[in-house]
Amino acid sequence: MKMDVLLGLQWGDEGKGKIVDVLAPQYEVVARFQGGPNAGHTLEFDGIKHVLHQIPSGIFRSQILNIIGNGVVLDPIILKKEIDGLGKFSIDYRKNLVISKKATIIVPTHKLLDAAYEQSKGDKKIGSTLKGIGPTYQDKIGRSALRIGDILSPDFKDKYDTLLEKHKTTLSFYNYPTDKLEEMEVQFFEAVEFIKTLNLIDSEYVVNGALASNKRILAEGAQGSLLDVDFGSYPFVTSSNTMAAGACTGLGVAPSRIGEVFGIFKAYCTRVGSGPFPTELFDETGEAMRKEGNEFGSTTGRPRRCGWLDLPALKYSIMINGVTQLYMMKADVLNIFEEIKICTHYELPSGEKIDRLSFEITDMEVKPVYKTMKGWNCSLADVRSYENFPDELKAYVAYLEKELNVPINLISVGPDRIQTILR
Ligand code: GDP
Ligand code: IMO
Ligand code: MG
């Protein structure tokens, strides 16, 4: 059996959580492989809306094993809160949720360091979620981080203190206040005691064992391909490999074992945080998109920047991920527009038109070149089959498929599970 991967092709918040929840009945395992509480994955069903940050989005399906993989950076305090928040759903999390002992721990000082680094960058700040993601991955790669398995060791506190001393030196260099630290540490050690009672495992054996016994696994990406640390708009990226290859290192699965790669994209674009966004709209059209799409961050509540669909960026993401199926989200948000634009190329300051994301492009002022299509301008709220789509939406889908060369097999027309049209 092969492992399927589901990931975002834009700057995050494409609707990954919704689709993992929709697809979950076809799988036996759902696994997160990178990122941490910077993610906010929203699920809506039976009139309930729920946002998950670190727990995989298969948690509401009782037959599914949910794995937090080794590639994840995990905040014990936030995990405890998330699990407490599941209380009303009668989920057997000690059975349905397991955590890799090799996942990296976010300690309180990582969050302070995240804030200190951002403050020191002034107007060049990344717009981080301030969840400590960058500093934690820095320590992982720098070989000084703590891992989930360490909390079971009798000398965990000593290891913690060693890391703490290192962080304090840096915080004092940045002159960053640590007066909140004591209170954060109390919460942290309480949460660590709680995590000790959960199912902590060598998840690479569980994942590979599941594949060997023909169980179906879905790897759930966080963030989006344009925030990938290697291929995103560096330095305005997150600190992990958000692309399909990250599912291999983040779970211990060989590349030859990857099956379908589901690429999720919005019918337009959004971005939170700083960094280039060629099709961003600063006018009433952008404002209308934000309002209609309720484009406010699931993790930080920040308003999301909005703009038209960017084909060069989408083609790039499809290429680096080897996407086999496309899923288009939030088509309903475009209901309100009489005309819909799609960026086909970028015009460089020299006048040259390109459709590649070259190294240089991050630092350039590029002008999007648009194709304009007629909007459908009607509600999709009650449409439940592709045949009943308005012709203009069918034309939009057909144009994208021709340009992207990958089938669009699912179109989402609202946040609820049932507002999902499979072709
Ligand atoms: P994720 O991070 O990729 O899981 O996405 P988020 O949950 O951060 O953001 C997606 C938002 O769009 C959530 O509020 C979803 O409930 C909502 N959503 C998902 N699909 C659709 C859709 O097809 N139409 C509309 N209007 N909203 C959607
Ligand atoms: P999901 O999984 C959207 C953005 C932040 C910032 C940059 C770096 O819900 O799609 P970080 O905290 O990772 O150091 O921030 O990445 N970012 C996201 N944007 N959705 C996310 O996750 C994001 N996770 C991080 O806004 O620009
Ligand atoms: Mg999100």
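User: What is a polar contact?

Analyst: A polar contact is a pair of N or O atoms within 3.5 Å; within protein, one must be able to donate a hydrogen and the other to accept it, and residues adjacent in sequence count only if both atoms are side-chain atoms. Here, a backbone N or O atom of Gly15 lies 2.8 Å from an oxygen atom of ligand 1. Polar side-chain atoms also lie at 2.9 Å for Asp13 and at 2.5 Å for Ser412, each from an oxygen atom of ligand 1.

User: Before we go on, what kind of model is this?

Analyst: This is a predicted model, where local features need pLDDT of at least 70, side-chain atom pairs count only at pLDDT 80 or more, and totals for chains, interfaces and linings use all residues. Residues are numbered from 1 along each chain as its sequence is written, chains are lettered from A and ligands numbered from 1 in the order in which they are written, and side-chain values use heavy atoms, with hydrogens and water left out.

User: Which residues come nearest to ligand 1?

Analyst: A residue is near a molecule if one of its heavy atoms lies within 4 Å of it. Of the 20 residues around ligand 1, the nearest are Lys16, Thr42, Ser298, Asp332 and Ser412.

User: How many disulfides does the structure hold?

Analyst: A disulfide is a pair of cysteine sulfur atoms within 2.5 Å. The structure holds zero. Take Cys306: the closest cysteine sulfur, in Cys269, is 9.6 Å from its own sulfur, so that is too far for a bond.

User: Is Cys306 buried or exposed?

Analyst: Buried means under 20% relative accessible area, exposed over 50%, and partly exposed in between (1.4 Å probe, protein chains only). Cys306 is buried, at 1%, and Cys248 is buried too, at 12%.
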